[in-house]
Amino acid sequence: MSHRSRCMFSFWQLVLLFLRVLLLTGGSNGEFYSSVDTMQALAYVEKEILDATHVYVKAQEEQLNLYRNFVAQVKREHAMAIDEMQLEEYVGHPLHAFRLLKRMVTDWNGLHELMVNNQAREDYHQKIDQVAKDFGYPDNTDIQGAVKAFNRLQEVYNLTANHLADGIINGKLTETELEWRECFEIGVQLFDLKQYERSLEWFKVAFRILVTSSRKVLNRRKFEFELMEYMAIANFELGNAKSAGILLDQILKVEPTHSAQQTRKYLLHREMLSTKKVEVASDPTWHANYTRLCQGHRLPEPFTGKSLHCYLDAKRHVSFILAPLKVEQVHVDPDINVYHGVLNDAQIEKILQESDQNEMMRSAVSGDKGSATIADLRVSQQTWLNYSSPIMRSLSNLISDISGFDMAGAEQMQVANYGVGGQYEPHPDYFEVNLPQEFKGDRISTSMFYLSDVELGGNTVFIKLNVFLPPIKGAMVMWHNLHYSLDVDRRTIHAGCPVLIGSKRIGNVWMHSGYQEFRRPCLLTCDEEKSSGYRD
Ligand SMILES: *[C@@H]1O[C@H](CO)[C@@H](O)[C@H](O)[C@H]1NC(C)=O
Ligand SMILES: *[C@@H]1O[C@H](CO)[C@@H](O)[C@H](O)[C@H]1NC(C)=O
Ligand SMILES: *[C@@H]1O[C@H](CO)[C@@H](O)[C@H](O)[C@H]1NC(C)=O
């Protein structure tokens, strides 16, 4: 099976782990799905639970053996008393009488105590509570998050549930497939999220796998009907009452007393009540550009006289004399440059170690009133690093040597980790309004460091500029979010595509304009007019 990728496997491992953890619902809002780091932590949690359960089962087994032996022994005594001697004769013997009393007073009592106290069960309880306290526990919101991530991947990368369930991702066969129950579960979650079309797709796949399964399925018929009932309701919600009726009739033909009877009544009732039209959410206009660029396709561009170059730059700063910058122009006006190989693996390792020491938080999106909200818009875990450690000091020098900016205006570096399905929908980096008080001016530039390669997906895309950048470990991409006039440059709106397979780590440094008066003087005529054709 050499053509099957190892990394594909890890994708499904994580996803399946998720679905299985469904059984262990607890009371936290863990937000596990948003990062591969937290999913790894979850695997450790499961290992702890597995070990604790093993200990519990062994202890119970030993106890049971104890009980079994005792019961067998007492049974032998009774057999002797009743079958071989008269009972009166038996209890008349002082040794027998003593034995009976001793059994009643000490042995049975001891046994009762063991049974009632059940120390193994207590230990198990304690262990599980401790694990939940130490690591947090996923709950249904995590499952929903994972299912939403699925949905996103399907949308952005045009993946069918059929292919996904068979483990086919981007035309490649991977190591894992989904079972009908798992497809069913995904369908139910999507159904609960009112994503009826998608849920129907998953129910159909579950149905296909169920009816073609060569394995013996207990109550197969029952599950088939359950799926058909769900499909009927999903069809109904999609405005397809006729299909809903046909599915329910099929069930009732075989099993006239099935609950589909009530469902049919209910749907008929609703049909009469409302003539509600199904609203089909139309894609925002940027969506076509977004998915195309995420899939790695650029539109052919007319030749404008501007051509893009790759070049070595040793002149920008003395620090590049011996090791020239490897510059790749990916767009001109607004300029977007990739600087390749600015960080090596050892440096990246140090940065990631430092960010591990800070606890990663689920990324929030800057809200309208400056309040941060956790939104599906942005799915990642993040932490902030200042420039006091040696590695961060050298990173700070690197940014200022490349950009010419004064690091006095720089925010701390935000290190983010996007797991499977993790994304950041199109957004600008500038604030425009409600500027944060701690800094002078808006975010004039963005320096984005790629701290990992990504197996599949995770492009950075500029939806108005027809630019996509696959993450390349060690590279840094940089652009200006403001015009020379310090007006915001709306063309710089960009997005992080969902991670299809693997884990994406990036470090962002945003520079504010307030300290850069002498570094990037505002031109008398700003470049706004020059590029007005692009403005919206
Ligand atoms: C999506 O994939 C299907 C085949 O699975 C293909 O027919 C369709 O054109 C694709 N759509 C887009 C937008 O790529
Ligand atoms: C989509 O991309 C095209 C080509 O790059 C661009 O002209 C257009 O403005 C983009 N649309 C949106 C809504 O960003
Ligand atoms: C920088 O971050 C480290 C680790 O989080 C912290 O101990 C230190 O106090 C911070 N330094 C400044 C100047 O904020």
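Good morning. The protein I am presenting has 15 helices and 19 strands, and the model is a predicted one. Of its 536 residues, 45% count as buried. Its accessible surface comes to about 29200 Å², and carbon and sulfur atoms hold 55% of that area. As for contacts with a separation of 6 or more, 73% of them involve residues 24 or more positions apart.

I shall now turn to one helix, H14. Helix H14 runs over residues 345-357, which makes 13 residues. From first C-alpha to last, H14 reaches 19 Å, close to the 18 Å expected at 1.5 Å a residue. At its N-terminal end, H14 is capped by Asn 344, with a side-chain oxygen 3.2 Å from the backbone nitrogen of Ala 346.

Which residues of H14 are buried? They are Ile 348, Ile 351, Leu 352, Glu 354 and Ser 355. Seen down the axis of H14, these buried residues fall within an arc of 160°, and they therefore line one face of the helix. The face turned away from that buried side carries Asp 345, Asp 356 and Gln 357, which are exposed. The cover over the buried residues of H14 includes helix H15 (390-403), together with strands S9 (381-385), S10 (413-418), S12 (443-450) and S19 (504-512).

Finally, I come to ligand 3. Around ligand 3 we find Asn 358, Asn 386 and Ser 388. One of its oxygen atoms is 2.5 Å from an N or O atom in the side chain of Asn 386. On its own, ligand 3 has 360 Å² of accessible area, and the protein covers 26% of it. Thank you for your attention.

Conventions: Residues numbered from 1 in each chain as written. Chains lettered and ligands numbered in written order. Predicted model: local features only at pLDDT ≥ 70, side-chain atom pairs only at ≥ 80, totals over all residues. Heavy atoms only, no water. Helix = DSSP H or I, 4+ residues; strand = E, 2+ residues; numbered from the N terminus. Expected span 1.5 Å × (residues − 1). Buried < 20%, exposed > 50% of the residue type's maximum accessible area, 1.4 Å probe, protein only. Arc of directions from axis to C-beta. Contact = heavy atoms within 4.5 Å. Polar contact = N/O pair within 3.5 Å; in protein donor to acceptor, adjacent residues only side chain to side chain. Near = heavy atom within 4 Å. Areas by Shrake-Rupley, 256 points an atom, 1.4 Å probe, with all protein chains shown as cover.
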